[in-house]
Structures are given as structure tokens and as C-alpha cells.
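Work through the following exercises with the sequence and the model at hand, and compare each solution with your own reading.

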Amino acid sequence: MNISRDARGIIDQSIKSVKPDAAVISALEDRFFGGKVVIIAIGKAAFNMADAAYGILADQVTGGVVITKYGHAEGTIGNLDIVEAGHPIVDHNSVKGTKKVLEVTEKLGEKDHVIFLVSGGGSALFELPMEGVELEEIMDITDQLLKSGADIVEINTVRKHLSKVKGGKFAEHCRNTNILSIVLSDVIGDPLDAIASGPAYKDSSTSAEALDILRQYQIMVEPHILDVLKTETPKDVRNCETVIAGSVTALCRAAEEAASEKGYTPYLLSSTIDCEAREAGRFFSAIAREIRNGTSSFKAPCAIIAGGETVVKIKGSGLGGRNQELALSCAQGIEGLRDTLFFSVGSDGTDGPTDAAGGIVDGETAAKLRDSGIPLEIYLDNNDSYHALDRANGLIMTGPTGTNVNDLMVLLVSL
């Protein structure tokens, strides 16, 4: 076994298996749409999803808009407008693209159809502030929540109440027409009102919850923001049909299959990991030590697999993302273990504000960093996992993958 090569193969095979193209085609190919057909795609997988949909519906499509993250568009798609915008922090291009979406869907009637393609990242990319709220205020609140360790559901609960399109409000805008929503889920458990902040789904979150989240994380806001948050989101949406096109569960199953093909016995721990990244790293390293000590029911060669989305509490001034911090934390606990490797990777190909998709470490990573002059612990304390992994040759670089179904974590222990 070549454990490093096996890990790279599992990453490639797993991500390839959850590309949204086939799922979008499957959802559309046996349907007939009368009237005008408009394609709206939002999220980090928006370009690939829109391209697949346009390939099926090209003759019927009267127009549409694709809003995706900078660097994620791969050219043009027929008569669709392509807009690249900010993620994870909303920016002015997000608003520009969203205004285009509202314009192209504003006058659609009951015989017309909106094909609404939704993927992770849509919360930042699809945004128009409520009256009285400035975009910079939403940017600041989102940034504060991210740095405070709030999870994605909590962040979206706040954003939905500050937005004209989130939390079922886009469906309300399209109330006179029909929406087919095809969703690529990046939220644990696939709650439809949380993915991309649920623009076309009835919202279960409340104003009281949004206000509680601000208090819990001690988020600083102006008084008028509190007033806006008191406006409830739509609780009944009837003009939208929703199809789930992919999820982290499928990603984990693909990793199981890939690991098995390479000779590892796969064990899926959970597809709903949602703790602090550093704690998850320690957990995986503890499992690794038990396997190597012979005190675990898991026996080498094995692959311990999990999926989900961790969070990072930022206290330092370094650079990194949740997957990189998770991997670096694990490296601390597996130091000195032979034939033991761990990786954590974002299925979308980006991890935090970096060009890396995640991190990959082994029993030698910590020693490499110490020998280079800066111990691993210093990097962790400064939330500087990117530079640590870069120095240890542990960055996973995939580029934008065209999909987004949460993160994959795998511990490999070979003979």
C-alpha cells in the first residue's frame, strides 16, 4: 500500500462522485415545461448545475442568471448572465447579481417556470438587504459570526431576517409562477430552509431565534438592525417543488467505496460532524493511537470516515480554514505513528479564505514543523494552519470542483 497515493485517490474519487451534473439532468430530462423557462443558479456549484440544466432545456430557456463565487465560472452558458461574487462574505456583486435575478423573474406568470438551482455558498452570493440595512452591515455581522464560531445554521438564521430574498422571500417574490428547486445540500441533515438560507422554502427560523444568536455570540449591531430582525420570514410556501440532488451522505458513501477498492476496511463514523475543528482533530488522533496500540475494534488496514462541517474559533491572526485546522490538530496527536495518515477536505475545493481545499498530515508532520524552526503548537495558537501545512507539504489543492456537499474527513491506517 502507498498510503499517500491512496489518500489522494480517495479524495479525487469521492468528490467526482458528487458532481451535480448527473443529478440535475436526472431531475429535468423527463419533464415538460410550458410558457417561459428561466434558469436561476446560486452557489459555488452554480455554474456546473446551470450548464447541465441548459444542456437539457436549451430550446425552452428564455434567459436567466448564474451567481457563483469568484473563479468558479468556466465561460458562458447560452443566454444566461454569469455573475461572480463574494464568499463567504457578501459583496456588491452579490447584490448586483441578485437584482438581475429579481428583474428577470418579476413579470413571470402562472404558465411560466423558474428552474432554481441551489448549492452551498448561496447565502453570501444571493443577497439583497432589507430596507434600512446597508450591505456593509450584513458583511460585518457575518464576519463577526464566523469569527465567533457560530455554525452555518445560526449564521443563516440571522441573514434570513436581514434579507429580501432569503428564508422563502424569493419564492414570495415569484408568487405568480412555478419554481422547481434542485438543491445540492451542504448543510448537515439537508434542512431545506437552511441550505443557501432557503430562498424558496418556508422558513422555520424565527425572529426571536435570530436575536438570541446575536446575544449568544455577543455580536455588536446598531439598534435599527434589531428592529429589522423582528420582521418574520414566510412560513408557508406553495409555489415551489424541491428535489435534493446530492449531500454529504453521498460523499461519505463514495469515500467508503473508494477506500474499500484500495484495500482498506471502511468504517463510517458519522456524516453529521459539527463540532470545533480542533476537537475533531484530537478525536481522530485518539482513534489512530488506539488502532496502533491494538486497543481498538478497528483493525488495520482501515479507513475511518466522517463528514460534516466543523467550526473554528479565531483567536490568532494567521491564515487557514476549518479543514486545515482540523488536519493540523490531528497531526499533533498522531506524531510518531507509522503508516498513519489523516485528511480533511472541503468538497467545493476551497477552505476558508485560502486557495487550498484542506489539509493532509501523517506521523511525520509535527516533526517536520519542529525541525523547520516553528513548532506545530505555535501555528495552531495563531490559527495559521495554512502556512504550517504549506511548510510541511500538507495542503490539498484541487481548485474549484464544481460541487459543494460539505467536508470529508478520513483517517487511513495501513499495515
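**Exercise 1: the cavity**

The largest cavity has a volume of about 80 Å³, where a volume is the space filled by probe spheres set on grid points joined across faces, edges and corners. The model is predicted, so that local features need pLDDT of at least 70 and side-chain atom pairs count only at pLDDT 80 or more, while totals for chains, interfaces and linings use all residues. Residues are numbered from 1 along each chain as its sequence is written, and side-chain values use heavy atoms, with hydrogens and water left out.

Solution. Start from the definition: on a 1 Å grid over the protein atoms alone, a cavity is a set of points where a 1.4 Å probe fits but cannot get out, and lining residues have an atom within 4 Å of a point. The lining includes F116, V118, S181 and V183.

**Exercise 2: H72**

Task: decide whether H72 is buried or exposed, and find its contacts beyond four places in sequence.

Solution. H72 lies in the loop between β2 (61-69) and β3 (80-85). Because its relative accessibility is 5%, H72 counts as buried (under 20%, with exposed over 50%, using a 1.4 Å probe and protein chains only). Its contacts (heavy atoms within 4.5 Å) are K44, F47, E84, D348, T350 and P400, leaving aside neighbours within four places in sequence.

Key: 1 Å grid on protein atoms, 1.4 Å probe; cavity = no way out; pocket = protein on both sides within 12 Å on 5 of 7 lines; lining within 4 Å. Helix = DSSP H or I, 4+ residues; strand = E, 2+ residues; numbered from the N terminus.
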